[in-house]
Amino acid sequence: MASGSLGQGLSVAIGAAQAKKLNHDPHLVFVLMGDGEQQEGQIWEAAMYAAHHKVDNLIATIDYNGQQIDGAVHEVMDLKNLRAKYEAFGWEVQEFKRQQPGRSNQRTEACHFVNQKRQTRT
Ligand SMILES: Cc1ncc(C[n+]2csc(CCOP(=O)(O)OP(=O)(O)O)c2C)c(N)n1
Ligand SMILES: [Mg+2]
């Protein structure tokens, strides 16, 4: 699903991931978020919930393009150290650069790849 209201996608993905666990379905759930979206309070309640409930079958990616609808993310409300924030919430974080070969200026953008810590399932 695509959520129009920012901040909902992570919560929905967590619910889907938990449903998979209840059904003994080994597949992973993926969610794509925006960087401006990280300003939503719902994101952080969901992040805390996922860590507490050991939702380890979920991979969340943040498109860290530095822009949101009203301008630059760091000007609207700076995210500061997003990696440290997710890690403090109990998530494992990987970062990678995205190449955009179709673009003439070969812009490289930083992305955050956020992966729930794989924990022993009980
Ligand atoms: C809860 C909520 N508040 C405000 C908006 C209005 N809005 C639409 S897009 C957007 C910015 C999104 O920025 P980002 O998540 O960085 O996505 P990008 O445009 O970079 O893909 C905002 C604030 C919304 N859709 N939902
Ligand atoms: Mg953005």
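In the predicted model, Ala13 touches Val29, Val31, Leu58 and Ala60, leaving aside residues up to four places away in sequence. Ala13 also belongs to the largest nonpolar core, which has 17 residues and in which Leu10, Ala13, Ile14, Val31 and Leu58 touch the most other members. At least two residues of this core come from each of helix H1 (8–22), strand S1 (29–34), helix H2 (41–52) and strand S2 (58–63).

The protein chain as a whole contains four helices and six strands, and from the N terminus on these elements follow the order α-β-α-β-β-β-α-α-β-β. Of the 122 residues in the protein chain, 21% are buried.

Helix H1 comprises 15 residues and extends 22 Å from its first C-alpha to its last, a value close to the 21 Å expected at 1.5 Å a residue. Its buried residues are Gly9, Leu10, Ala13, Ile14 and Ala17; because they cover an arc of only 135° around the axis, they are placed on the same side of H1. An α-helix has 3.6 residues a turn, so residues three or four places apart point the same way. The buried residues of H1 pack against S1, H2 and S2, whereas Ala19 and Leu22, on the other side of the helix, are exposed. Just after H1, His24 adopts a positive phi of about 55°.

A corresponding description can be given for helix H2. The buried residues of this helix are Ile43, Ala46, Ala47 and Ala50, and they lie on the same side of H2 because the arc that they cover around the axis is only 105°. The exposed residues Gly41 and His52 are carried on the face of H2 turned away from its buried side. With 12 residues at 1.5 Å a residue, H2 should span 16 Å, and the distance of 17 Å between its end C-alpha atoms agrees with this expectation. Trp44 is likewise found in H2, but this residue counts as partly exposed, because its 16 C-beta neighbours inside 10 Å fall between the limits of 12 or fewer for an exposed residue and 20 or more for a buried one. The C-alpha atom of Trp44 is separated by 9.0 Å from that of Gly7, although the two residues are 37 residues apart along the chain.

Positive phi values also occur in two lysine residues. Lys54 is partly exposed, because 17 other C-beta atoms lie within 10 Å. Lys80, placed in the loop between helix H3 (73–77) and helix H4 (82–88), has a phi near 55°, again a positive value in a residue other than glycine. With 9 other C-beta atoms within 10 Å, Lys80 is exposed.

Ligand 1 is surrounded by 14 residues, of which Leu6, Gly34, Gly36, Glu37 and Gln68 are the closest. In terms of residue class, the shell around ligand 1 consists of two nonpolar, eight polar and four charged residues.

Terms used: Residues are numbered from 1 along each chain as its sequence is written. Chains are lettered from A and ligands numbered from 1 in the order in which they are written. This is a predicted model: local features need pLDDT of at least 70, side-chain atom pairs count only at pLDDT 80 or more; totals for chains, interfaces and linings use all residues. A nonpolar core is a set of buried Ala, Val, Leu, Ile, Met, Phe, Trp, Tyr and Cys residues joined through C-beta atoms within 7 Å. Two residues are in contact if their C-beta atoms, placed from the backbone, lie within 7 Å. A residue is near a molecule or strand if its C-beta atom, placed from the backbone, lies within 6 Å of it. Ala, Val, Leu, Ile, Met, Phe, Trp, Tyr, Cys and Pro count as nonpolar, Asp, Glu, Lys and Arg as charged, and the others, Gly among them, as polar. The expected span of a helix is 1.5 Å times one less than its number of residues. The arc is that of the directions from the helix axis to the C-beta atoms.
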